[in-house]
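Let's walk through this structure together, from the whole chain down to single residues. Please keep the sequence and the model open beside you as you read.

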Amino acid sequence: MIEPQAQASGIHVILPAFSDPHFVMADRTRVKQASVNLLSNAIKYNHAGGTVEMTFTELSPKRIRISFRDTGEGLSAENLAQLFQPFNRLGQEAGSQDGTGIGLVVSKRLVELMGGEIGAQSTVGVGSVFWIELNSTAALRLAAATEPTLVPPPLPTDAQLHTLLCVEDNPANLMLIEQLIARRADIHLLSARNGRRGVEMARATQPDLILMDINLPEISGLTALAILADDPLTAHIPVIALSANAMPRDIEKGLAAGFFRYLTKPIKITEFMAALDETLLFAKAKSAGGIKK
Ligand code: MN
């Protein structure tokens with residue numbers, strides 16, 4: 001997201017590389033907004049040819065700090081103290097592009113609402129380090145009560161193996177779906193992380209069913225659905241929407257656009273499994289020539 005801005009300003013961005021994934025207990029969208037805000041500021045208040053380095057440190061087994069270091073002019077102690085105050089823009093933001101980003105005050109509020117902390121250190125002439133701290137957590141797992149069924153029941157010998165293509169950019173949701181599908185010996189799961197890749201994979205693999213997120217990078221789930229419906233190779237494949245957009249208007253719009261079902265996040269396991277079964281039955285009847293949609 002920040003690459004175009006970095007390139008336009010001639011700033012080199014260094015992102016952290018790590019071998020093991022780390023997890024924080026937070027809202028993904030808000031973490032992204034706060035991180036983009038800090039990265040964007042670090043690029044904006046830098047000098048041409050400068051660098052922005054994002055690093056992370058485990059402060060304790062329960063706390064992670066993500067830091068954003070710039071090579072800008074730095075801030076005086078006085079300015080630093082005012083930085084997170086509402087309506088205080090230090091006269092720097094006038095005239096510069098502010099895009100769709102949120103400001104520091106909003107970032108602070110969001111990070112604190114998630115049990116985190118935000119702060120900055122700065123040296124005039126050297127640069128600044130802005131950081132956010134969040135609580136760490138273990139990788140997402142299903143609730144313990146639902147775990148005994150994780151071993152898939154044996155597949156009846158006459159059963160058909162179905163392919164489900166899941167188009168979802170949120171890794172936590174995808175992990176959850178993987179865990180749910182692991183219970184289904186009759187379903188083989190494929191996944192794509194953005195709409196365009198989802199369309200390509202649908203053409204290439206001809207899945208029996210597609211599960212489509214709506215808010216996706218590049219093209220939305222609605223656009224991907226329109227492309228699939230327009231293509232004779234994929235027009236017959238039923239597509240279930242799975243979206244955080246849960247207002248009645250969103251659901252109406254989704255169904256009108258041609259989604260076979262519209263499920264809302266968070267995933268309700270029973271509803272989710274029932275929708276898969278119904279859709280697979282429908283697809284089977286349709287391929288047998290029984291139903292025209
Ligand atoms: Mn999404």
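First, a word on the ground rules. This is a predicted model, in which local features need pLDDT of at least 70 and side-chain atom pairs count only at pLDDT 80 or more, while totals for chains, interfaces and linings use all residues. Residues are numbered from 1 along each chain as its sequence is written, and side-chain values use heavy atoms, with hydrogens and water left out.

The chain has nine helices and eleven strands; these are DSSP runs numbered from the N terminus, with helices being H or I of at least four residues and strands E of at least two. Of its 293 residues, 39% count as buried, where buried means under 20% relative accessible area, exposed over 50% and partly exposed in between, using a 1.4 Å probe and protein chains only. Contacts here are heavy atoms within 4.5 Å. Among contacts in the chain with a separation of 6 or more, 68% join residues 24 or more positions apart.

Now to the metal. The manganese ion has Asp169 (OD), Asp213 (OD) and Asn215 (O) as its protein donors, at 2.0 to 2.2 Å. Donors are N, O and S atoms within 2.8 Å of the metal (3.2 Å for Na, K and Ca), and sites may look incomplete because water is not among the atoms. Along the chain, the donors follow the spacing D-x43-D-x1-N. How accessible are two of them? Aspartate 213 is buried, at a relative accessible area of 4%, whereas asparagine 215 counts as partly exposed, at 44%.

Next come the helix pairs. Their axes are lines fitted to C-alpha atoms over the stretch in contact, and angles run from 0 to 180 degrees between N-to-C directions. Helix α5 (residues 171-181) and helix α9 (residues 269-287) have axes that come within 12 Å and cross at roughly 65°. That angle makes α5 roughly perpendicular to α9, since 65 to 115 degrees counts as roughly perpendicular, under 35 as roughly parallel, over 145 as roughly antiparallel and the rest as oblique. From α5, Ile177, Leu180 and Ile181 make the contact, and from α9, Ile269, Phe272, Met273 and Leu276. These residues divide into seven nonpolar, no polar and no charged; Ala, Val, Leu, Ile, Met, Phe, Trp, Tyr, Cys and Pro count as nonpolar, Asp, Glu, Lys and Arg as charged, and the others, Gly among them, as polar.

Helix α6 (residues 195-205) and helix α7 (residues 221-230) cross at roughly 25°, their axes coming within 9 Å, and are therefore roughly parallel to each other. Here Gly195, Val199, Ala202 and Arg203 of α6 meet Ala224, Ile227 and Leu228 of α7, giving five nonpolar, one polar and one charged.

Helix α2 also has a partner: α2 and helix α4 (residues 104-113) pack at about 145°, with axes 9 Å apart. Their contact has five nonpolar, four polar and one charged residues.

Finally, two single residues. Serine 40 lies in helix α2 (residues 28-44) and is buried, at 17%; setting aside residues up to four places away in sequence, serine 40 touches Ile2 and Gln5. Phenylalanine 84 sits in the loop between α3 (77-82) and α4 and is buried at 14% relative accessibility. Beyond four places in sequence, its contacts include Leu104, Ile118 and Phe130.
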